[in-house]
Amino acid sequence: MAEPRTRPLTVAGRALAGTVSLAVLGASGFTWYEYRQLDGGMVKSAALTEARKNAPPHLDKSVNLLLIGLDSRKDMDGNDLPKEFVEEELHAGSSEIGGYNTNALIVLHIPANGGRVTALSVPRDDYVQTVGADGKMHKIKEAYGIAKEAAEQKLGGKGLSKAELERQSREAGRSATLQTVQAFLDIPIDHFAEVNLIGFYDIAKAVEPIQVCLNNPVDDPIVARTANHEGGGTGLKLPAGVSSLDARQALSFVRQRHHLKNGDLDRTHRQQAFISSVVYKLKQQGVVNDLGQLQRLFDVVKKDVVIDDRWNVLDFAQQAPNLTGGNVEFNTLPITGFKNIGGQEVNTVDPDQIKRIVKQLFGHEPPPPAATDAPAPEPAEPTSAAPSATPSAARSVVDVHGASAEAAAAESKALAGLGYPAGKATGTAAAARVRVTTVAYGTGAKADAEQLAARYGVTATPSTTVPAGHVLITLAAARTPTPSTPSAAATTATPTDEPTPDLPMQGPAVKAGGIPCVD
């Protein structure tokens with residue numbers, strides 16, 4: 001029996017339960033008996049059958065898994081989760097207003113040769129063309145809820161029970177999400193797992209305590225909801241470095257988005273780091289060989305996870321040992337900036353760039369040719385947001401302005417360690433008043449500026465005052481230096497012979513196989 005649920009779970013970390021579930025399935029020692037015990041009780045969905053009708057073709061025998069973290073305050077039958085769970089413990093607002101947003105979308109790409117697993121997080125507020133919903137532009141997280149609501153209206157007069165109406169309308173939401181992700185990334189989705197609010201806490205409770213690592217101390221006080229304030233905060237207070245969390249703290253760790261430099265984008269890295277830490281614990285502490293604990297995890301999977309009806313989990317367990325071996329790298333797809341559309345703050349994206357990145361990262365397209373010393377006004381190929389540590393003469397010179405000369409020098413040194421030629425590093429009074437880091441560039445430096453802007457989560461802008469071939473970064477006053485090497489507090493990930501393509505991503509990769517440090 002699973003341990004009694006005494007607390008609720010997080011709004012932001014639902015995909016963790018799906019990933020840890022997959023890690024358990026991929027563990028050595030998963031037997032036919034355990035498969036029969038698990039498979040017979042899992043909730044299955046037929047949504048993938050419809051979604052695959054318009055899927056892009058497969059280019060090899062790799063497998064793409066989509067993990068869906070559903071921000072719903074409802075159970076499987078459409079009933080509200082207990083008010084005390086959602087409002088008093090989660091501080092997530094009323095259980096009646098949760099909607100059906102997919103606040104976590106992670107694609108796991110398992111290569112045909114069984115090599116390193118690549119995980120890609122899609123930021124929830126990316127403004128994209130939805131498919132299978134109303135066909136309009138929306139935040140990608142909204143495709144599920146829009147399609148579900150339309151299905152409910154269509155099915156409402158057929159005399160279905162509340163539970164059956166919920167089941168069928170959720171199928172429409174899943175199909176819309178699958179189709180939208182397939183179209184946005186230009187890849188087929190082979191399997192999916194969906195977890196709602198309840199799943200995360202149950203997983204965290206089954207494996208607590210869990211170690212995580214922070215680059216900086218955090219203090220995220222709870223702010224009560226009032227008529228004039230939506231409230232928020234998680235109550236999390238942790239020092240820099242490694243901490244051991246119980247299930248309740250785990251919820252706060254993956255929920256926090258206030259008091260983080262990059263808000264939701266940093267929260268995405270928190271999810272990735274937490275997944276890595278839990279999977280690391282499963283392997284290092286022999287949890288997968290502890291039949292009692294394994295059974296508790298299986299009970300959670302059967303109760304809280306929905307998977308597609310094409311999925312043979314025994315075959316998957318044999319396909320993906322790298323999930324528990326630490327040979328996984330998490331990346332976050334880049335955005336181009338932020339915009340207010342119809343009163344909503346959204347992430348702007350370049351769909352063509354996203355498709356190129358995914359193809360190159362998944363090995364379906366040759367990497368761009370190496371830069372040459374031949375002069376050109378703009379580099380033709382994308383360069384990395386986290387480049388090689390070997391400086392290149394073709395790369396733009398980067399000048400840094402900061403609130404102090406020390407802050408500017410530290411950032412300049414870190415960027416130089418990532419391969420950007422260092423220019424002037426200056427403390428200025430104007431920079432001391434800057435709240436959001438800015439990236440400006442002169443003639444010929446657009447490509448490097450855009451890669452740097454993606455790293456800071458902002459948009460690069462041309463400037464006639466910046467010298468040709470230079471990029472000027474003006475740091476936000478509260479900005480901490482960009483790490484040029486992994487934090488000493490982090491546990492080193494398992495090495496791999498497979499190089500990572502030089503691609504722009506939203507912040508640095510989070511590598512599994514240890515306890516990675518994040519903001």
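## Helix 13 and its surroundings

Gly363 follows helix 13 and has a positive phi, near 75°. Helices (H or I, at least four residues) and strands (E, at least two) are DSSP runs, numbered from the N terminus. This is a predicted model, in which local features need pLDDT of at least 70 and side-chain atom pairs count only at pLDDT 80 or more, while totals for chains, interfaces and linings use all residues. Residues are numbered from 1 along each chain as its sequence is written, and side-chain values use heavy atoms, with hydrogens and water left out.

Helix 13 spans residues 351–361, and its buried residues are Gln353, Ile354, Ile357, Val358, Lys359, Gln360 and Leu361. Buried means under 20% relative accessible area, exposed over 50%, and partly exposed in between (1.4 Å probe, protein chains only). Strand 4 (117–121), helix 6 (162–185) and strand 13 (328–332) are among the elements that cover these buried residues. At the N-terminal end, Asp350 caps helix 13, with a side-chain oxygen 3.1 Å from the backbone nitrogen of Asp352.

## A hairpin

Strand 14 (residues 337–341) pairs with strand 15 (residues 344–348) in the antiparallel sense, over five bridges. Two strands pair if DSSP finds at least two bridges between them. The two strands form a hairpin with two residues between them, and Gly342 in the turn has a positive phi of about 60°. Ile341 stands opposite Gln344 in strand 15.

An open sheet with mixed pairing is formed by three strands in the order 11-8-22. Strand 11 (241–245) and strand 22 (517–518) each have a single partner strand, so one side of each is left without a neighbour in the sheet. Strand 8 (residues 210–214) pairs with strand 11 in the antiparallel sense over five bridges; here Gln211 stands opposite Ser244.

Helix 9 (residues 264–284) packs on this sheet, touching strand 8, strand 11 and strand 22, and its direction makes about 140° with that of strand 8. Helix 8 (residues 247–255) lies across these strands too, running at about 130° to strand 11. Contact means heavy atoms within 4.5 Å. Axes are lines fitted to C-alpha atoms, for helices over the stretch in contact, and angles run from 0 to 180 degrees between N-to-C directions.

## Nonpolar cores

The largest nonpolar core has 46 residues, of which Leu108, Phe200, Val207, Phe253, Phe274, Val305 and Phe330 touch the most other members. Apart from it lies another core of 29 residues, including Ile140, Val181, Val358 and Leu503. A nonpolar core is a set of buried Ala, Val, Leu, Ile, Met, Phe, Trp, Tyr and Cys residues joined through side-chain atoms within 4.5 Å.

## Aromatic pairs

There are two aromatic pairs. Rings of Phe, Tyr and Trp (its six-membered ring) pair if their centres lie within 6.5 Å; planes under 30 degrees apart count as stacked, over 60 as edge-to-face and the rest as tilted. Tyr100 and Tyr144 are stacked, at 6.3 Å centre to centre with 5° between the planes. Tyr100 lies in the loop between helix 4 (83–89) and strand 3 (101–110) and Tyr144 in helix 5 (residues 143–155), so the pair ties together parts 44 residues apart in sequence. Tyr100 counts as buried at 13% relative accessibility, and Tyr144 is buried at 0%.

The ring centres of Phe253 and Phe274 are 5.9 Å apart and the planes stand at 40°, so this pair is tilted. It links Phe253 in helix 8 with Phe274 in helix 9, 21 residues apart. Both Phe253 and Phe274 are buried.

Terms used
A polar contact is a pair of N or O atoms within 3.5 Å; within protein, one must be able to donate a hydrogen and the other to accept it, and residues adjacent in sequence count only if both atoms are side-chain atoms.
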